[in-house]
Amino acid sequence: MSFITRGFSGRNRERDPNLPPGQTLVEDWPVLSAGPTPDIDPADWEFVVVTENGRRSWNWDDFHALGVEDVTVDIHCVTHWSKLGMAWRGVPLDKVFDEVETGHDYVMAHSYGGYTTNVPLDELLDGQAWIAFEADGEPLSPEHGGPARLLVPHLYFWKSAKWIHGLVTMPRDDPGFWEQNGYHLHGDPWQEERYW
Amino acid sequence: MTRRPAGWHAATVRAVTVETPSARRIEFEVPSWPGNDAGSHVDVRLTAPDGYQATRSYSIASSGETPRVVLAVDEVPGGEVSPFLVHELQPGDQVELHGPLGSYFVWGPDGEQRPVQLIAGGSGVVPLYAMAEVRDALQEVRRDATPFRLLYSVRTPEDRFFAPELSRFAGRGLDIRYVYTRQAPDGWAEPVGRITRETLAAAVWPVEQRPSVYVCGPTAFVEAVADWLVALGHEPRDIRTERFGGG
């Protein structure tokens with residue numbers, strides 16, 4: 001149903017093919033959070049996975065020992081900005097699920113502070129998702145989710161839960177925080193799965 | 001809050017008025033609009049003759065089940081969309097709106113009636129204004145209207161959004177405190193400068209009142225205010241934030 005708005009010509013004529021529809025390239029890194037930023041000391045941080053078979057947890061050092069890798073990915077925020085070619089460092093979730101068995105198909109990510117977001121388990125595996133500690137060569141700052149955040153770059157960035165505390169597997173795709181508050185259950189930026 | 005599906009809507013500009021030296025109030029007529037809660041936002045999409053599109057999110061200054069949607073857009077210098085909206089848009093022009101969006105940073109009279117604390121930095125007052133407007137309409141019919149306070153940090157008196165409306169609301173029970181960061185009105189007794197933890201502590205509802213707090217403004221402002229609120233003893237879950245940046 002799109003129509004032309006009189007007088008609008010736009011500025012960014014060259015469109016990067018890595019930019020999904022409706023997105024604008026940014027050089028800075030905007031912050032979006034629903035509430036105050038929690039203050040988490042890595043010494044107190046733990047990562048917990050709960051499945052129908054039980055609970056598994058790692059402290060900061062044990063978790064790093066699973067195997068840290070460097071990746072370069074694009075990130076896309078539902079509020080229409082994208083950042084391309086960002087360097088990240090973290091533990092791939094494949095390493096976590098090497099040590100955890102579940103028959104469930106979905107995961108709820110839980111953050112310190114109470115934030116939640118739902119992701120299908122198969123979209124967290126095969127090199128698609130990490131628990132990240134560094135971005136652009138620096139430790140993640142608290143407002144960007146430090147000390148650790150989930151990184152699922154192929155989905156809109158609200159899925160990359162800041163201040164990640166753990167994952168709880170679930171048999172159904174129950175909605176997380178933003179998914180209950182207006183955002184799409186899945187969130188593929190190339191399909192523009194932004195809102196309900 | 002009312003659950004309303006987000007969708008694309010054709011919007012026609014009815015009026016563009018000067019809000020502040022750098023901002024315009026834009027009133028749209030949107031016949032298919034399902035209404036929106038106070039505090040929600042909308043995506044504005046502009047299409048150029050060659051098909052190029054640009055989309056940005058803006059908070060909505062209006063609410064309720066009405067085809068009238070009001071935005072107040074501050075120009076981000078060097079931006080692509082806001083300078084167009086501020087300088088070029090005229091009555092009769094059409095844009096696409098996608099919304100209403102967001103059902104968390106919203107307030108309505110149907111929930112629990114705890115005191116409400118609004119804290120705005122600059123144009124961050126827009127969604128908070130929508131909430132204050134609902135409260136103001138309510139106090140005409142309900143004597144027990146929710147107690148509302150607004151703490152509004154703004155550069156100078158002429159940079160205040162919704163100045164006449166807020167003065168009117170103040171006469172009907174909205175408690176407003178201004179913090180001027182660059183220049184205050186003549187005879188202003190408070191210091192001029194950025195908001196401090198002390199100013200904040202003195203202006204907001206005390207922790208014992210368990211206020212529902214809404215903070216909206218630039219990221220650095222929201223980060224500082226939210227951190228101080230937690231340090232003052234407010235529960236993080238009672239503090240809702242919305243930040244803006246980029247153009």
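# Briefing: a helix pair, salt bridges and backbone details

A:Asp126 is exposed, with 68% of relative accessible area (buried means under 20% relative accessible area, exposed over 50%, and partly exposed in between, using a 1.4 Å probe and protein chains only). Welcome to a predicted model, in which local features need pLDDT of at least 70, side-chain atom pairs count only at pLDDT 80 or more, and totals for chains, interfaces and linings use all residues. Residues are numbered from 1 along each chain as its sequence is written, chains are lettered from A and ligands numbered from 1 in the order in which they are written, and side-chain values use heavy atoms, with hydrogens and water left out.

**Loops and backbone in chain A**

As a reminder, most residues other than glycine have a negative phi, and most peptide bonds are trans.

- A:Asp126 has a phi near 60 degrees, a positive value in a residue other than glycine.
- You will find A:Asp126 in the loop between strand 7 (116-120) and strand 8 (130-135) of chain A; helices (H or I, at least four residues) and strands (E, at least two) are DSSP runs, numbered from the N terminus.
- Between the C-alpha atoms of A:Asp126 and A:Pro92 there are 8.7 Å, while the two residues are 34 residues apart along the chain.
- A:Asp136 also has a positive phi, near 50 degrees, and is a residue other than glycine.
- The loop between strand 8 and strand 9 of chain A holds A:Asp136, and this residue counts as partly exposed because its relative accessibility is 47%.
- From A:Gly146 to A:Pro147 the peptide bond is cis, with omega near 10 degrees.
- A:Pro147 sits in the loop between strand 9 (138-139) and strand 10 (149-151) of chain A.

**A strand residue in chain A: A:Asp70**

- A:Asp70 belongs to strand 4 (residues 69-76) of chain A and, at 56% relative accessibility, counts as exposed.
- Leaving aside neighbours within four places in sequence, A:Asp70 is in contact with A:Trp88 and A:Arg89 (contact means heavy atoms within 4.5 Å).
- A:Asp70 and A:Ser2 are 68 residues apart along the chain, and their C-alpha atoms are separated by 41 Å.

**A cis peptide bond in chain B**

- B:Gly99 and B:Pro100 are joined by a cis peptide bond, with omega about 0 degrees.
- B:Pro100 is part of strand 6 (residues 94-101) of chain B.

Two packed helices are described by the angle between their axes and the distance between the axes.

- Helix 2 (residues 125-139) and helix 3 (residues 163-170) of chain B have axes that come within 11 Å and cross at roughly 40 degrees; axes are lines fitted to C-alpha atoms, for helices over the stretch in contact, and angles run from 0 to 180 degrees between N-to-C directions.
- Helix 2 of chain B and helix 3 of chain B are therefore oblique to each other, given that angles under 35 degrees count as roughly parallel, over 145 as roughly antiparallel, 65 to 115 as roughly perpendicular and the rest as oblique.
- Helix 2 of chain B passes helix 3 of chain B in a left-handed crossing, that is, with the near helix turned anticlockwise from the far one by less than a right angle (clockwise would be right-handed).
- On the helix 2 side, B:Tyr129, B:Ala132, B:Glu133 and B:Asp136 meet B:Glu165, B:Leu166 and B:Phe169 of helix 3 of chain B.
- The residues of this contact between helix 2 and helix 3 of chain B are 4 nonpolar, no polar and 3 charged; Ala, Val, Leu, Ile, Met, Phe, Trp, Tyr, Cys and Pro count as nonpolar, Asp, Glu, Lys and Arg as charged, and the others, Gly among them, as polar.

**Salt bridges**

- Over all chains, the whole structure has 22 salt bridges (a side-chain nitrogen of Lys or Arg within 4 Å of a carboxyl oxygen of Asp or Glu).
- B:Arg25 forms a salt bridge with B:Glu19, with the closest N and O atoms 2.5 Å apart; B:Arg25 counts as buried at 18% relative accessibility, and B:Glu19 counts as buried at 11%.
- B:Asp175 pairs with B:Arg149 in a salt bridge whose closest N and O atoms are 3.2 Å apart.
- B:Asp175 lies in strand 9 (residues 175-180) and B:Arg149 in strand 8 (residues 148-154) of chain B, so this pair ties together parts 26 residues apart in sequence.
- B:Asp175 is partly exposed at 24% relative accessible area, whereas B:Arg149 is buried at 14%.
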